[in-house]
Amino acid sequence: MGRPEDDGDDRPGLVAPDAEPMARPSDAAVAERYRLLLELSPDAIAVHQDGLIVYVNSAALAFARVDDRNAMLGRSIADFVHPDELPQMIERIIGMGDEAGASTTPEEVVMVDAQGVSRPMEVTSVRTVWHDLPAYQVILRDITAQKAVESALRRQAALLDHVSNAVIAVDDHMMVRSWNPAAEQMYGRGAADAIGRDLDEAVGAHVDPHAAVSLGGTVDQLHRRADNGRSFLAHTSVTTMDDGFLIVAEPTRRPLIERLGTILAALHQAVIVVREDGDIELANPAAGTMLGPEAIPGASVHELPLDFVGDESPIARCLRTREAVSDTTATITTPAGERWLSCSCRPIDDDGTDVVVLVSFVDITDRYRERTQLAWEAVHDPLTGLYNRSGIIRELESHMAGLDAEPDACCVAIFYIDLDNFKLVNDSLGHIVGDEVLHTVAQRLAAATPEEAAVGRIGGDEFVLVATLGIACSAEEIEQQIDKIRGTVYEPIAVSTRSEPLKVEASIGVATVKAGDEYTATDLLRDADIALYQARKASRARYVRFQTQHREELQRRQRIEEELRRVLDTDTDQLEIHYQPIVSTADGTLVGLESLLRWHHPELGSISPTEFIPLAEGSNLIDRVGNYVLETAAAEVAAVPELRRVMLCINVSRRELTNGQFPERLRETMTRSGMDPAAFCLEITESALDPLDGDLLTLLGNVRELGTQVSLDDFGTGASSLSEFYRLPVSVLKTAKSFVDALDEHPSAKSILAGIVTMAHAAGMRVVAEGVETESQAAIVAEVGCDLAQGYHFGRPAPLAEVIASGVRIRANPGVWETA
């Protein structure tokens with residue numbers, strides 16, 4: 001049969017690479033017998049050369065479903081291969097090489113007959129010659145029936161309950177759906193307990209049917225019995241079903257070490273097997289990489305360069321107790337540095353009496369470092385490296401727990417340290433310099449703190465030192481520690497942005513607890529904070545040691561602030577305005593009223609303004625308090641016709657003035673009340689003017705432009721500079737009560753008061769002498785030229801009706817308020 005001509009078909013063909021032709025048989029009889037063998041073979045056989053069919057036997061004709069041999073000869077072999085199979089078939093043939101007689105392994109290939117019907121075939125290709133030229137002989141075996149039988153067998157296997165192997169069916173979600181008696185015997189778990197469980201839980205190991213199928217359908221794994229926890233090596237076959245998988249498992253009988261060797265060699269996880277005497281029986285390649293050259297069979301496990309956290313190696317404990325040990329941490333030093341490992345050990349059944357332990361290692365260095373860093377950050381301040389609040393609480397608890405254990409310990413002391421005026425450093429020099437100061441103070445405190453003590457930064461410019469004091473636990477011992485703290489903090493601090501070092505001072509609150517006291521660490525920290533608050537109030541105190549009344553005072557302050565907020569929201573009937581007369585020193589007539597807020601609480605009684613006004617100024621309540629006084633007083637005075645030209649004096653805080661809404665609020669109040677703007681006088685204390693900046697001066701000027709008076713209250717108690725006195729847009733100066741009190745005690749007091757009056761008049765201001773309580777004081781303030789006077793001598797603060805009813809003479813046109 002000649003070589004067919006190229007018919008121009010451009011379909012992918014199977015063209016043989018160049019090769020040396022094989023020797024042609026010279027014996028005709030042998031050749032004839034070979035031809036007969038091919039012709040009579042039950043397997044379809046075809047020879048193709050340069051991709052075209054040059055020979056087919058009868059079985060090949062039957063496969064192709066053609067009667068005439070010529071219907072196949074000359075056609076491309078690719079015509080009978082399913083298109084999806086062509087790339088793989090070409091790759092297999094090319095991979096055979098040029099050697100005569102080379103062949104492919106039998107493989108399942110989807111072929112197509114002359115009518116295009118697909119059929120699974122087992123195909124083998126052999127390198128041969130045809131008429132002295134290279135060719136390929138293809139042997140095809142129809143496996144359609146075989147696959148049908150296999151499918152039937154798989155379905156039947158799912159129904160087997162009486163085979164010796166465990167037969168387990170699972171659904172697509174790996175939940176057990178059937179569990180035969182052999183499985184009950186093999187795994188020590190009844191069908192009722194197994195059905196509905198996850199497959200991994202049922203067999204005591206992770207089984208991946210998808211991976212097993214991809215690896216050929218079988219896998220050897222360590223499984224574990226449910227009743228006694230013993231492990232055994234199971235040979236598992238996995239078959240894909242329509243709705244899940246069919247798993248057949250049988251225990252293997254090879255020696256454990258031989259069985260494990262094959263399995264462990266392929267693992268990336270470091271695993272060693274250790275005998276009862278401590279010798280390593282088996283170590284996989286990953287163990288050698290992780291643990292070093294000492295991890296080899298025959299070596300002692302105790303020679304491994306492992307440092308376990310704890311007193312006993314988990315491997316030794318597992319060998320001794322025959323109980324599993326999980327996730328024990330160990331360190332190992334490698335050329336790349338220190339690494340952290342997690343070690344788990346489990347005894348396994350070796351079909352003998354000796355204990356054999358399977359030990360696995362996982363490198364957790366990255367996880368350990370991350371966990372360690374997070375643990376550090378949880379109790380440390382990132383800026384200074386000192387303990388944060390959580391860390392200090394933990395240290396406090398540790399010190400307090402040690403009071404009973406240490407015979408020489410008397411008490412635990414906590415020193416709460418606050419840097420004075422640190423906000424000024426941040427505001428004037430910037431937060432970078434502020435951070436430098438905090439870092440320096442932290443380093444100094446840490447260096448000066450005894451090793452057994454603890455120091456921390458718990459927020460802003462606040463530091464805490466915790467120490468256990470000796471048997472004395474005396475004020476002297478506390479003051480010694482205070483001296484160390486002050487000596488550390490007060491030393492000048494060099495910063496990057498200025499040549500002169502900064503000087504920093506601190507306020508300190510101290511709280512102590514003795515053994516047996518029912519205190520928590522949080523209680524002690526709270527009390528030290530309360531003592532610090534008292535130290536800030538007493539600016540000249542070296543420190544304040546906590547006392548119970550300090551907490552009671554704080555609790556009262558918190559209660560008053562809460563009640564004031566509630567009263568302003570829902571119950572202003574508790575508030576009342578009292579008025580104190582301001583009289584002319586010339587004739588004693590009423591020319592003004594100072595409005596003073598009073599609070600009558602149903603439970604706390606009368607609460608002094610000296611108590612609740614500072615609380616309001618320290619919160620967001622002062623604006624609401626001031627607005628209530630302004631609105632109420634203006635309405636009450638305006639309702640009395642004879643008082644409409646009497647000066648109404650209203651106290652205002654710096655915070656009220658600078659909130660941006662005060663001028664408009666004042667204008668609206670004057671409009672609603674109908675009072676003349678000239679009948680309003682706003683009193684602001686001298687201390688509230690510090691610092692005297694341009695914005696405040698502009699604001700006071702705007703208020704004066706409304707037509708109202710502005711009074712400088714408590715003059716002489718603040719730190720006003722006389723050189724700036726003339727800049728103040730003030731029309732009235734009210735002297736501090738202390739100047740009037742001194743008139744009866746110091747001969748020079750009269751001259752000093754007279755000097756103040758002269759200076760005020762020179763600046764065009766009227767003068768009010770405040771705190772006049774006696775006839776002689778009234779006579780002197782009038783003598784030295786004070787225009788107006790106020791005090792108990794002329795009338796105590798009282799409701800407006802009582803002031804009117806007191807018979808005081810009211811001047812209809814109080815011109816004495818006009819600028820001097």
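Helices (H or I, at least four residues) and strands (E, at least two) are DSSP runs, numbered from the N terminus. Aspartate 327 sits in one such run, strand β14 (residues 325-334). This is a predicted model: local features need pLDDT of at least 70, side-chain atom pairs count only at pLDDT 80 or more, and totals for chains, interfaces and linings use all residues. Residues are numbered from 1 along each chain as its sequence is written, and side-chain values use heavy atoms, with hydrogens and water left out.

**Positive phi outside glycine**

- Aspartate 327 has a positive phi near 55 degrees, though the residue is other than glycine.
- Aspartate 327 counts as exposed because its relative accessibility is 59%; buried means under 20% relative accessible area, exposed over 50%, and partly exposed in between (1.4 Å probe, protein chains only).
- Arginine 65 is not a glycine either, yet its phi is positive, at about 60 degrees.
- The loop between α2 and α3 holds arginine 65.
- At 48% relative accessibility, arginine 65 is partly exposed.

**Cavities**

- A cavity is a set of points, on a 1 Å grid over the protein atoms alone, where a 1.4 Å probe fits but cannot get out; lining residues have an atom within 4 Å of a point.
- Grid points are joined across faces, edges and corners, and a volume is the space filled by probe spheres set on the points.
- Three cavities of 30 Å³ or more are counted by this rule.
- The lining of the largest cavity has eleven nonpolar residues, no polar and no charged ones. Ala, Val, Leu, Ile, Met, Phe, Trp, Tyr, Cys and Pro count as nonpolar, Asp, Glu, Lys and Arg as charged, and the others, Gly among them, as polar.
- The second largest cavity has about 50 Å³.
- Its lining is formed by Met89, Arg92, Ile93, Thr104, Glu107, Val109, Val123 and Ser125.
- By class, the lining of the second largest cavity has four nonpolar, two polar and two charged residues.
- At least two lining residues come from each of α3 (86-94), β3 (107-112) and β4 (118-130), and α3 gives the largest share, three residues.

- Five of the six residues of strand β18 (residues 454-459) are buried.
- β18 pairs with strand β19 (residues 462-469) in the antiparallel sense, over five bridges; two strands pair if DSSP finds at least two bridges between them.
- Alanine 454 faces valine 466 in β19.
- Two residues lie between β18 and β19 in the hairpin, and glycine 460 in the turn has a positive phi of about 55 degrees.

**Cysteines**

- The structure has zero disulfides; a disulfide is a pair of cysteine sulfur atoms within 2.5 Å.
- The cysteine sulfur closest to that of cysteine 343 belongs to cysteine 345, and at 3.8 Å it is too far for a bond.
- Cysteine 343 is buried, at 0% relative accessible area.
- Cysteine 345 is buried too, at 3% relative accessibility.

**Arginine 275**

- Strand β11 (residues 270-275) contains arginine 275.
- Arginine 275 counts as buried because its relative accessibility is 17%.
- Its side chain makes a polar contact with the side chain of glutamate 281 (3.4 Å). A polar contact is a pair of N or O atoms within 3.5 Å; within protein, one must be able to donate a hydrogen and the other to accept it, and residues adjacent in sequence count only if both atoms are side-chain atoms.

Terms used:
On a 1 Å grid over the protein atoms alone, a cavity is a set of points where a 1.4 Å probe fits but cannot get out, and a pocket is an open set with protein on both sides within 12 Å along at least five of seven lines; lining residues have an atom within 4 Å of a point.
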